[in-house]
Every structure is written in C-alpha cells, then in structure tokens.
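Here are some exercises to work through with the model open in your viewer. Try each task yourself before reading the solution below it.

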Amino acid sequence: MNRMLVLRAAAAAVLVLVARPSLGAGDPIAIAVDAREATRRIFHVVETIPAPEGTLALAYPKWIPGEHSPAGPITDLVGLKISRDGRPVAWKRVPTDMWSFTCEVPAGRGPLDVAYDYVAPLTSQTTATSQLMILNWWSVILYPTGPNDDATMFAPSLRLPQGWKYGTSLRGAHEDGGRVAFTPVSLVTLIDSPVLAGAHFYTVDLTPGEKPGHWLHLAGESAASVAIGPEDVAHYKRLVAEARALFGARHYDEYHFLLALTDHLPSNGLEHHESSDNRAAERTFLEESAREVMGSLLSHEYVHSWNGKYRRPEGLVSGVSADYQPPVDSSLLWVYEGLTEYWGDVLAARSGLRTPALDRENLAIVAAQMDAQAGRSWRPLVDTAVSAQLLYWARPEWADWRRGVDFYPESELVWLEADTIIREKSAGKKSLDDFAKAFHGAPGGGPAVKTYRLEDVVAALSAVVPYDWSGFFRTRISDVAPRAPLGGIENGGWKLVYTDVEPELTRAAEEESRLYDFWFSLGIVVQGGDRDTDSDDGVIRDVVPGLPASAAGIAPGMRLVAVNGRRYSAKGLREALAAARTGGGSIELLVENVDEFRTYVVDDHGGERFPHLERDPAKTDWVSAIGHPLTPENP
Ligand SMILES: [Zn+2]
C-alpha cells in the first residue's frame, strides 16, 4: 500500500547493550487474542513466552511491511502487565525507542506471561465495526528481539464474537475450547497473515479443485452486502487466470482475498504473500458507482504477491529478517508500487473488472492530474518515493504543491511508456509481459523473497529489448520534470484532451467520496455540495497553484459559502462556470476563512474541463492491445 523519525543509531546502541537470552528453538510463543469485545474495538492479548532468567528485550513492530512507514500503532498498546509464576515482573520502555521494552526475567518454573490490550481506532489496520473485524497480528504482538528472531515460532489463537466466521491464510485451524488455534508459524509469516471475520460472511472458492487454491472471503455490514453475484465472481476467477498467464508462475501455496465491505473503515488495501487485506464500500457489489470506485483494488493487492512480496527492493527488507525496527529505504517504491499500479490496472482490464472505456478514463484522469500538478516543478518523482513515510500521512491541504504519493499514479504512466517502447521496438512481438515473466515468474513455489536493485530492473528490461533504460528512468524518475510522462499514452495511440463532459469514473468517485472535482477548471476540490447536511460542506480541500481560484487568492481549508450570491452547491458552481463561459462575466465566490467572510472574484471563462483520451489514428492502438485478455473468457 500505505510518521515520524527517531534516533535509530542511539536506540540501536542501547539495544546492543541488552543481553538477549536465547529461547529454545522448539518452544513456540503462544499468542492468544481474545476478540470477543472487538465491536468495542478492544483486543485482549496474552503471550506466553518460554524465557529463561535474565534480561529480555521485547519489541512492538514499528516499520510495517507494505505501509513503508514507522506506522506500528504503539500509542494504542495499553494495559501491559508481565508476570512469572503469578508474580509481577517490572518492565521499562527504552527511552530512545518508543517501540522497545526490557524486563528482568526472574528465576522461575513457568513461562513469562505478557498481557496487554490493543485499543483500536476505526482507521487502524486492526479494527472492527459492530459487524466485522480485521486482525493484523503486527498490531497485537510483542516479540523478543535478538539473534533467534528467525527461529522463534508463534502459536496463534483467536476468540471471535459469537457466531462470527473468518478467513485467513493461516493453516491448520481447529476449535479448542471456544478458541480457533492455528498451526505455529514464524513471526514473519504471522505478521503476513491477517484474519478477516464477521457476522455476515461469505467465501467463494475461485479455483475449485485446483492447487494452489484461491478464495475470496467477504465480510460485510449486512447480509445483502456479501451476496456477490455470478458476474462479479466470474471477473475474480478471470483475475486469477490472467495473473497466472502474465507472470507464468506463482509464489504462494494458497491465496486468500480478504475483503471487508463497510463504509465505516477507510478504503484501503494491504498486501501479503498469500493474502490481501482489502476494504471497500458496503454496497460495492450492489451499486455500479461503488464497484467502479473499487476498480482495481483487489488486482493491485494481488499483484503485490509477485511485485513487492516475492521481488522486493533491497531497501524494503523489513519483515524478511524478522526485525521490524530498523528504518527502510523506500526509494524504489516507484517499482514496488508503481509497477503494481500498472499491472493492477492492466489485469483489471484483462479480467473484465474494468471496461476498456473506464480503463482509458482512469488513464486520462491519472495523466491529467500528474500533468497539472504544481509540485512537480520542484520535486522529482523519486523524492515522493523516498518520502513515502511522510507523504502517506500528510494532510490533503496543499497536496498539489507538496506532491503526494505520486510514485503510484505517475509511475504507472512510466511503466505504460516502457511497455509501448518494447512493443514498438519489437514490432509487437514482445511486451512488458515478457519482463514480468522473466523478473517475477519462474520457478514459483511457496512464499520467498528475492531482493533487487535498480540495475537488476534495467538488466531484465534490456534482456527483453535493448534500450537506454537507465537514461529512460533517470529523466522520468530522478530528474525534476515539468510535464508528466505522457509518452505511453501518445506512443499507445491516444491523446490527452479536455472537454466539458464529466468522466463516468469522476462522477462515481464524487458520489462515493462527496469530494467535488473542479480540478482542471477553477483548480479546486470541494467537500460536499449537493446536500447541505454536513458542517464541512463547501470546505476547499486543495487548490492548484496557478489556476484561477488560487490566482484569485483562495487557499485550502477555506469554505465556499456562496456562488454569485446563492448558497454553494456543486451544481450551482457548475452552472456558474458554464454561464461565465458563454456570458463572459466573472464568478463571485463568498468564502469563509476562519472568522472572516470575503468575496473573491474569479476570472475563469473556460467552463468545466475534464480529461479524456482521444484516439490518434496515425498510431497503433497499444493501449487497447495491452488490455486484451491473455486467457479465454471462461477459464
Ligand atoms: Zn500497493
């Protein structure tokens, strides 16, 4: 997928001084999570650690794989109590490392009991509503640090609210006195194996009788929300077949798509080797606009099993050596996330999750947003990857000037261009699919990690088609580039144009998010607008520096109160834009800025502007060719 810097050198020095007693390799740590109060968003945890006498260092995962950030939610780990044979054992937090604890384990017969709670906000990766929950073990675990990290096994178990069902890639589940106990696994595998559970739960077997097996698990807020229809199921069956055809091999023994259907949790996805944790709107399988907004979420997270989990940049190795405390170097996220964004969208098109028309709309919106972005005048794309740990958590205000996590959308354009270059140079005989097979494919098997550097990517591309790939990436990724990389669209047989017709995807996104898009006309995004029910209606979330609203003096965080003397509504603003275009008058915006009200006169006679792709008949239509399925329609 998806905040702070600490003095790592100092913390590491402290930890080195702490003696680390070895755990017996054969003694798993039992971790029992009691989620019966999950609907209050409280998870009770007891770990039973077979620790010998001496100093024990315990860590709470800080750098979370896939989050690319020190996002381990340590603030919400509460109620920590350690004991041995019923006698309390004092613990201390390492003063220079908030995620690390030590304690002196006294002599005794029994294991160390470590009890605590995780109290979750709705925004957490481990959280619950009244009807469903998602458990990411990294938010409920303390692990002994030291030389035996890789060998230490965990025996996980879970108690769920009465009657709830679950899905996970953990194996060997069996009922044991009201608990579900799983086969012991390494710390790395446990952290890589979330659990989705809920009262309304439905599992679809996507590849019946085949190995490896693939399952889609749905937990929703209502029975209707998980009643997925045969057409949607067919698309996800095709997604599995298309991914196999693309990569040629798989790096898992089972794959579980976990999908929470709820409006109470932010939409999100988090990748794992053998599963993905996805969150989308409650009515995703009931309403077209919600389905369109989810788009390529599951295909993106699925691609990560190859690109991100199996092939991983050298700098993003947290979770390979069972040490989640050292900071990561995320400068190759334009490959890890950017190429995944590309393949996620390509596979969505090939599997029918997105129509060719919506696929082009998506491409047009991505290209136009990147091209209009003011921040690209100072910040190269690679710096958005390097700064991912800051940008994921940055506020939306001034995002256009700051830049956001553009290593997703803009890199997709770069990878599209690479694909069209290969197709052009090989007269259609080769494509980026050949790179995918060579780089992410054979031999296949169970979960494994094979790290890479930029030179490995360049070498693998050169083996497909000789080209100055180093120079290609340097100018598009490392250099400040005043224009977005539109070469893929243009080589691909299309042109980016602007009309006053709102794209279907923009309309669907507005319906789902209530953020109204005047990005390419006035240069603003406005919260709410057609129902005057929320106190934040009319709040301007961001402006594009240089476009008319910003030029008139409007800034993010201000609130649009009235347009030409009438209370703000998105429709009213649209009409005012159209009238200024035909009638030539200016637009008067009454704007609230903290406690001041002021009228801004905006000169914008261009009317509404939305991006689209227009066919360039002089060129081969590679964009459509890339979206053609590789497998028969009914695998
Ligand atoms: Zn991702």
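This is a predicted model: local features need pLDDT of at least 70, side-chain atom pairs count only at pLDDT 80 or more; totals for chains, interfaces and linings use all residues.

**Exercise 1. Classify Ala-224 as buried, partly exposed or exposed, then locate it in the fold.**

Step 1. The relative accessibility of Ala-224 is 41%. Step 2. Buried means under 20% and exposed means over 50%, so Ala-224 counts as partly exposed. Step 3. Ala-224 sits in the loop that runs between β19 (213-220) and α3 (230-247). Step 4.

**Exercise 2. Find the donors of the zinc ion and write down their spacing along the chain.**

Step 1. Look for the atoms that coordinate the zinc ion: they belong to His-300 (NE2), His-304 (NE2) and Glu-337 (OE), at 2.0 to 2.1 Å. Step 2. Reading along the chain, the donors give the spacing H-x3-H-x32-E. Step 3. His-300 has 5% relative accessibility and His-304 has 0%. With the cut-off for buried at under 20%, His-300 therefore counts as buried, and so does His-304.

**Exercise 3. Describe the second largest pocket: what is its volume, and which residues are closest to its centre?**

Step 1. The space in the second largest pocket comes to about 280 Å³. Step 2. Its lining has 16 residues, and those closest to the centre are His-235, Glu-288, Arg-291, Gly-352 and Leu-353. Step 3. Sort the lining by element: α3 and α4 (288-294) are the ones that give two or more residues.

**Exercise 4. Inspect the backbone at Pro-212, Pro-443 and Asp-85.**

Step 1. Start with omega. The peptide bond from Lys-211 to Pro-212 is cis, with omega near -5°. Pro-212 belongs to the loop between β18 (200-205) and β19. Step 2. Another cis peptide bond joins Ala-442 to Pro-443, where omega is near 15°. Pro-443 is placed in the loop between α13 (432-440) and β24 (450-452). Step 3. Turn to phi. Asp-85 is a residue other than glycine with a positive phi, near 50°. Step 4. Asp-85 lies in the loop between β4 (77-84) and β5 (87-89), and a relative accessible area of 37% makes it partly exposed.

**Exercise 5. Build up the surroundings of Arg-403, from its backbone to its salt bridges.**

Step 1. Phi of Arg-403 is near 80°, a positive value in a residue other than glycine. Step 2. Arg-403 is found in the loop between α11 and α12 (409-425). Step 3. At 2% relative accessibility, Arg-403 is buried. Step 4. Its side chain meets that of Asp-406 in a salt bridge of 2.8 Å, N to O, and Asp-406 is buried too, at 5% relative accessibility. Step 5. Widen the view: Arg-376, Arg-403, Asp-406 and Glu-410 are linked in a network of salt bridges.

**Exercise 6. Contrast the salt bridge of Arg-483 and Asp-371 with that of Glu-511 and Arg-507.**

Step 1. The search over the whole structure finds 32 salt bridges. Step 2. In one of them, Arg-483 and Asp-371 meet at 2.8 Å, N to O. Arg-483 lies in the loop between α15 (469-478) and α16 (487-491) and Asp-371 in helix α8 (residues 356-372), so this pair ties together parts that are 112 residues apart in sequence. Step 3. Step 4. For Glu-511 and Arg-507, the closest N and O atoms are 2.7 Å apart. Both residues lie in helix α17 (residues 504-513), four residues apart, about one turn of the helix. Step 5. Glu-511 is partly exposed, with a relative accessible area of 46%, and Arg-507 counts as partly exposed at 33%.

**Exercise 7. Which residues form a nonpolar patch with about 330 Å² of accessible area together?**

Step 1. The patch on the surface is formed by Trp-378, Trp-398 and Trp-401. Step 2. Take Trp-401 as an example: it lies in helix α11 (residues 399-402). Step 3. Patch members need over 30% relative accessible area, and Trp-401, partly exposed, has 42%.

Terms used
Residues are numbered from 1 along each chain as its sequence is written. Side-chain values use heavy atoms; hydrogens and water are left out. Patches are made of residues with over 30% relative accessible area and no salt bridge: like charges are joined within 9 Å, nonpolar side chains (Val, Leu, Ile, Met, Phe, Trp, Tyr) within 5 Å. Accessible areas come from the Shrake-Rupley method with a 1.4 Å probe; for residues, only the protein chains shown count as cover. A salt bridge is a side-chain nitrogen of Lys or Arg within 4 Å of a carboxyl oxygen of Asp or Glu. Buried means under 20% relative accessible area, exposed over 50%, partly exposed in between (1.4 Å probe, protein chains only). Donors are N, O and S atoms within 2.8 Å of the metal (3.2 Å for Na, K and Ca); water is not among the atoms, so sites may look incomplete. On a 1 Å grid over the protein atoms alone, a cavity is a set of points where a 1.4 Å probe fits but cannot get out, and a pocket is an open set with protein on both sides within 12 Å along at least five of seven lines; lining residues have an atom within 4 Å of a point. Grid points are joined across faces, edges and corners, and a volume is the space filled by probe spheres set on the points.
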